[in-house]
Amino acid sequence: MSYIKTVGIIIREVQTGEADKIVTIFSKSMGKITGSAKGARRPKSRFIAGTQLLCYSDFVLYKGREIYSINSCDVIEPFYNIRNSLDKLTCAAHMTEIINDIVQENQPAIKVLQLFLNSLHMLSKTDKSLYQIIAIFELRLMSILGYGPLVGGCLNCGNQDFESMEFSFLKCGLTCKKCSFLDGSAMDISEGTAKALNYIIYSNIKNLFCFEVSDQVLRELNIISKRYLKERLEKEYKKMDFIKSLK
Ligand SMILES: [Zn+2]
């Protein structure tokens, strides 16, 4: 019998039939997989909690001809608090849209899953600025995928004086004032932003969210992460536009 056991998080759900669901699971062992959950929409279904969007569960799946069917699911973390705030829900939807685009079927992406779960945890369990969580998620994700910006110092001369840096979208990283001839359209950034970028790309994932920044740094970080993501993935993600204020 081809049963498999894996942890994973629901990143898409589609209602089918009278009470069934087809779900996309971002699983630890196989990347993105599609599974059917028979009767998951019935009030007394044993799948009702574990097959909800953003629910992280332990699954046992049976491999059918085309898709998997869910045999059992035990909820590990429902990220329930995210559903209590429209802004948090919008952030989670934004991250989930990106995850759906970049995670491939049957290709494990354990570092991406860990980043996604940590980001959802910050969203659900803390009052950390939503914009900070999103900037960290987007930039670290680019780094995991191999598109990380060069932010160890000036990408041309190696100068590590973060006081006078610019961010070059053309060269994908930091340039110091002496090397600003490389890209006349580079963005002026504050020292805090240069240091935050360095931290987001190089820090241990366990401490990834453990830093505080000023509103100005947050604004600059979000301008950089939004444009950087758009240029790398060649797609504009618009859900965050619905959150009006910087918080
Ligand atoms: Zn330089």
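1. In strand 8, Met187 is the bridge partner of Phe167, where a strand is a DSSP run of E with at least two residues, numbered from the N terminus. Strand 6 (residues 165-168) and strand 8 pair in the antiparallel sense over two bridges, and pairing here requires that DSSP finds at least two bridges between the strands.

2. This is a predicted model, in which local features need pLDDT of at least 70 and side-chain atom pairs count only at pLDDT 80 or more, while totals for chains, interfaces and linings use all residues. Residues are numbered from 1 along each chain as its sequence is written, and side-chain values use heavy atoms, with hydrogens and water left out.

3. The three strands of the open sheet follow the order 7-6-8, with antiparallel pairing. Strand 7 (173-176) and strand 8 (187-188) stand at the edges with a single partner strand each, so one side of each has no neighbour in the sheet.

4. A closed barrel is built from five strands in the order 1-2-3-5-4, and its pairing is mixed. Neighbouring strands of this sheet are turned by 50° against each other on average, direction ignored, with axes being lines fitted to C-alpha atoms, for helices over the stretch in contact, and angles running from 0 to 180 degrees between N-to-C directions.

5. Strand 1 (residues 3-16) and strand 2 (residues 20-27) run antiparallel and are joined by eight bridges; Ile9 has Phe26 in strand 2 as its bridge partner.

6. Helix 1 (residues 86-102), a helix being a DSSP run of H or I with at least four residues, packs on the sheet and touches strand 1, strand 2 and strand 3 (31-37), contact meaning heavy atoms within 4.5 Å. The direction of helix 1 makes about 115° with that of strand 1. Helix 2 (residues 110-125) also packs on the sheet, touching strand 1, strand 2, strand 4 (56-63) and strand 5 (68-77), and its direction makes about 60° with that of strand 1.
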